[in-house]
Amino acid sequence: MQPNNPAPSFHQQHYGREGRNRLVLSEHRWLRFGAFCAFYFAQGVPIGLLTIAVPAWLAQEGATVGELARFAAIVSAPWGFKLIAGPFMDRFKFLPMGFRRPWVMGAQAGLVLSFVALATVDEIDPGALVPLMVIGFVINAFSATQDVAVDGMAIDVLPEEERGRANAFMAAGQVGGYSAYGFLCGKLLIPKFGLPVTALVCALTVAAIFVLVALVRERPGERRLPWTHGEAAPRSEADGAGIATIFWNLRGVLILPMSLLLIAVEFVNRVRDGIAVAVFPKFAVDEIGMTADLYSEYISYLGLVAAVVGVVLGPIIDRAGAKRFLLFALIVSAASHITVSLLAEFWQNWNFVIAMGLLLTVSGQLVFIAIIALFMNLCWTSLAATQFSVYMALANVSRTVGGLAFAPIADRLSYSQDFLIMGGLLGLAALILLPFNQASHSRRLEQVMDSARESAGARA
């Protein structure tokens, strides 16, 4: 006679079949940290090429600061359209493969193909920028889409107490990607082999990370690929709310006071970024005397140092609080910009250049880590992809706005004035941040969620 045992639970079935459920993000902290670091590394590859290597070569070939600002604004514009992807990710899912992972895979596949398309552009020429800008725009469209999906996945599977450290690893991955590929593309590949070979190397790198996305799963029992075995993990957030409902609920969250305040902080901070991406390479070539390949190498080394510092200090964010950490980083960054502005007589001193470069890069990395952690803490899990994508889209629109607004006046300003403007913007961001209160936001968010549940119950 067979014993009358109850049917095994979902958890027991899959743990029984697969032991410790290796390569499942929800089950292993260090797999989460490592995987998200790698996903962000993939986003860093186009940043290294299009934000470091190509602008440096354009500056060396005679492009003006205004031309560099317009190039950067157009190529980076897709990062401001991320809010278009978010609602589709929250509405349309293939849950047997995970809540966000299918979108990550699709975006990475598009990123690989767009790098292959870039291999058809023969040269970097300030007088013929249109093909480079068009394909660069497409590359960043797929990169931004992947960013939305990865951020939504991170909010979904990361416990709140891990988000500071996790963001340190994610930021380190992105910095590692753009530092490595800023150096590789600007120092070695473009000068020796040209843009087509450079683009193909970038495509192969992202393709390798695509393999990792295909191997990991979000939760036990899910499929790795559409045709493999597996089933959707049970979860309350996967309710399939319509896009209209998503936008209605989103409106209630975005207009909360702390949400608006942090958007304002990031707006001012990213306007500064839109100026910096044009000023820094031209300043390095004109005032410091760097060549394009030396500038790429210099920025890459600084980025790697900043990534290591960010990982080391990541746990402090969770203990000390992201707001306090962000405020400190903004003040240090503002002071560093103003110091460069006021001490023009030291611009030819390499010790000064290296020291200030380290301060600017490390403080910028810490700002990025801390503000991303704060934005994640503002999110409603069921709307995470949409809500976070709106925050990041507004941030990236701000960078484009900064570049476009700066372009008409860029060639009439001195570099001292450029750095003074950037320092002033960062100081303003720090002042705006002072009233931020996470606990107040959490209470208000709970009220919005309760109201949404009551409305949904009434409609049912």
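Residues are numbered from 1 along each chain as its sequence is written. Because the model is predicted, local features need pLDDT of at least 70 and side-chain atom pairs count only at pLDDT 80 or more, whereas totals for chains, interfaces and linings use all residues, and side-chain values use heavy atoms, with hydrogens and water left out.

View 1. Helices (H or I, at least four residues) and strands (E, at least two) are DSSP runs, numbered from the N terminus. Of the 460 residues, 55% are buried, where buried means under 20% relative accessible area, exposed over 50% and partly exposed in between (1.4 Å probe, protein chains only). The accessible surface, computed by the Shrake-Rupley method with a 1.4 Å probe, comes to about 18800 Å², and carbon and sulfur atoms account for 65% of this surface. Among contacts (heavy atoms within 4.5 Å) between residues at least 6 apart in sequence, 85% join residues at least 24 apart.

**View 2. The largest nonpolar core, with 130 residues.** Such a core is a set of buried Ala, Val, Leu, Ile, Met, Phe, Trp, Tyr and Cys residues joined through side-chain atoms within 4.5 Å. Phe36, Phe39, Leu49, Phe115, Leu118, Leu262 and Leu330 touch the most other members, and helix α2 (residues 29-60) gives the most to this core, with 18 residues. Leaving aside residues up to four places away in sequence, Leu118 touches Leu49, Leu132, Ile135, Ile139, Leu195 and Ala199.

**View 3. Helix α6 (residues 130-157), with Phe142.** The 28 residues of α6 reach 40 Å from first C-alpha to last, close to the 40 Å expected at 1.5 Å a residue, the expected span being 1.5 Å times one less than the number of residues. Although 20 of the 28 residues in α6 are buried, Phe142 counts as partly exposed because its relative accessibility is 31%.

**View 4. Helix α12 (residues 322-342).** The end C-alpha atoms of α12 are 30 Å apart, which agrees with the 30 Å that its 21 residues should span at 1.5 Å a residue. The buried residues of α12 include Phe325, Leu326, Ala329, Leu330, Ser333, Ser336, His337 and Val340. An α-helix has 3.6 residues a turn, so residues three or four places apart point the same way.

**View 5. Helix α3 (residues 65-76).**
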